[in-house]
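User: I'd like to go through the labels on this one and see what backs each of them. Can you take me through it?

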Amino acid sequence: MTEDNANQLEELVKQLKQLHISEFDHAVLSNLPNLISGLESCKNIICDNTTTIDEKEKAWSQVVETVELLANAAKSDHPRDSLGASGAFELIVAFMNLNVNNRPRVDYQCLRALANFCITHDVNRQKFIDIGGIDVALNCLKQKKDLETIRASSATLLNAGLNYNNVNVGIVNKDGLNILAEILDPEHVLKKYDDETARTCVYFATRVIINLIGTAEGKREIGKTKIITSLVQLLKYSSREDAVDDDVDILENVVEILETVALESDEVQQILVRDELFTYLLDFLEFSKPPLNCEQRIIKSYGSCKAAVLKVIVSTAMSDSNMEPLFGDDVILQRFLQWLNSGPERDDLQMCSALSLGNLARSDTHCTKLVHQFKIGEPLANVLKTSDNIKVQHAVISVLKNISLPVENKAIIGSLGIIGLSAPLLEKDTVQPVQLGVVGILKHLSSSQNNISNSVKIILGEDPADTETPTPLSRLLSLIKRTDEIPVRSEGTRVLVNLVKNLWSELPDTESGGISMKTLRQKLNKLEIVEPLVIMVIESKYPILQNEGIIALTILSMDDTAKTGESNITLDFLTSKKEKTPAVVEEQSNEESTTAASSSSAPPSQSSSPQILNLLNAITDIILNEKNAYPDEIRSNACMFLEKASKASSGHQKQYLRQNVPPVIEPLIKNIEQNPLNNRLEADIKKVLKSLD
């Protein structure tokens, strides 16, 4: 490059910089060939070993001024096509590779140009990849030369990868996550400089990572890098007591990244526990506060960040790999227990604690320890007494459902008033998962025949003398009748099965709390109990549920102690075709009606014609088993039901069974050579036929 050429380029750049913004872009494009030619001459001087140091330095100065000009032109949309095709890309990357003496202004202006060339321009973004743009930007980040270069490198990767995943995948494949982790670590940038530029650097870096985890490659690799540790440390730093508003912008990005990857990646969840990062998440949720005198927007953002971190905590506790380490950490476990007692004013802590403990209570051993050793039942009961937050109630119901399953826990949980405290939630038709959770608690607490007291509390309530409060059983029956949610109806009916089994496992004169089994049985052998059992046998698609209904109906069909001079209700269903009792839909307020309109447990619509329940057909269909859906044990139980019902019946009921049963099941015995039967099943069918002789 001759002195004249240098002077010409210098003069041209000076003239272009003086132009008004309205003329600038057009003038740069008109002179683009001369600018590119000048840059090529600068490159030749820099690469020529015969040129002097002064000549090289002047060339570098011209490079900075010219590239800055191109970067400014690329702020507008229309010059980017020409700039990308001019050869400027290749020259800029070449200059960055030649800048071995680390001239900061060279890197900064070159990165500015690359960043601006790539704004909303996919052709240029692909060229950025092809000419090694990712490599030079990452190299500048890796060297951490100065804040301006770090900021420009991050901005370049951000612009290039925005909605263009070829760039993002390239960054991931070139170990970009680990390089970015160094920028995020507060020790390397924020604590070292602690100014607005440093925050901007880290902000841009977090935005790049958000782009990267939008790719399958980024999500897969993030758990194999140092970045999770850096993110958690950055979470801690950006939420410190003396944080400023700009820190919250970084915090939002950090939380978005953690939420995105931790909710989906078991690997990330394991890192949070294994690398002792989990406690920092708990600290953030419990102690962090927005900066003093901040805007309302920031206060709202802080709330959103805490809600997201709560999800990360709960998801981390859900990981099978983390269940034992977290449960074995007494400090963390005690902290969760303390959170339960934090009161309604910190319902976020209560909800997080209950959900996390519910995730850890997924083994009988853990459930038993929580109840017997850590006394978790008392604070859970207290939350139900004091909280009206439905999300908190749902979380508490979930953990109570889990810890009610082990036999060793049932008596303790029942003694804490949980049955009475949870039963009113059966009326929350707008929150079907809560209803299902309460039904699960009642089912678990009534499933052990060795503990009749829980069944009594379901039937009569916590205080049998209280005749004004609806009993848990009455609330349950109402729910079974009005819901159109099959899981709620089926599981609710299984509670009825448990109650029948429990009460009839005791002698009639046995008492519980001063009330005889005979008196309690009278409360179960009623239409509102029998009909749901009949419906489950007829309508359920699951043989195991049909079998449970058959067992309960068999017990009720033999009952004498509960008779009050009326016919046996179960036998009535078996020996006639009955109409299904319609649900009673109570009038709601406007507010309740609006809310319930979207409820999954809204009352089912009534058809114009009543539904007919034919129990006998359902029982004989099970015995015939024409679709091979039923194991022999269930078929035998159906036979036992018919046999016991036959023996308990008389008059027209007996005659009905004689007329309708043998013609259907007798061919099974007559055709036994062609279609052999299990020995027990054959014997049971013969018992039915004999009972009808």
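**Labels and their cut-offs**

Analyst: Helix α31 passes helix α34 in a left-handed crossing, meaning that the near helix is turned anticlockwise from the far one by less than a right angle (clockwise would be right-handed). This is a predicted model, where local features need pLDDT of at least 70, side-chain atom pairs count only at pLDDT 80 or more, and totals for chains, interfaces and linings use all residues. Residues are numbered from 1 along each chain as its sequence is written, and side-chain values use heavy atoms, with hydrogens and water left out.

User: Why are α31 and α34 called oblique to each other?

Analyst: α31 (residues 472-482) and α34 (residues 527-539) pack at about 45°, with axes 11 Å apart. Under 35 degrees is roughly parallel, over 145 roughly antiparallel, 65 to 115 roughly perpendicular, and the rest oblique. The pair is therefore oblique.

User: What makes Asp 175 count as partly exposed?

Analyst: Its relative accessibility is 40%; buried means under 20%, exposed over 50%, and partly exposed in between (1.4 Å probe, protein chains only). So Asp 175 counts as partly exposed. Asp 175 is in the loop between α11 (165-173) and α12 (176-184), with a positive phi near 65°.

User: And how do you know whether Asn 293 is buried or exposed?

Analyst: Asn 293 has a relative accessible area of 82%, so it is exposed. Asn 293 lies in the loop between α19 (278-287) and α20 (296-318), and its phi is positive too, near 60°.

Methods
Axes are lines fitted to C-alpha atoms, for helices over the stretch in contact, and angles run from 0 to 180 degrees between N-to-C directions. Helices (H or I, at least four residues) and strands (E, at least two) are DSSP runs, numbered from the N terminus.
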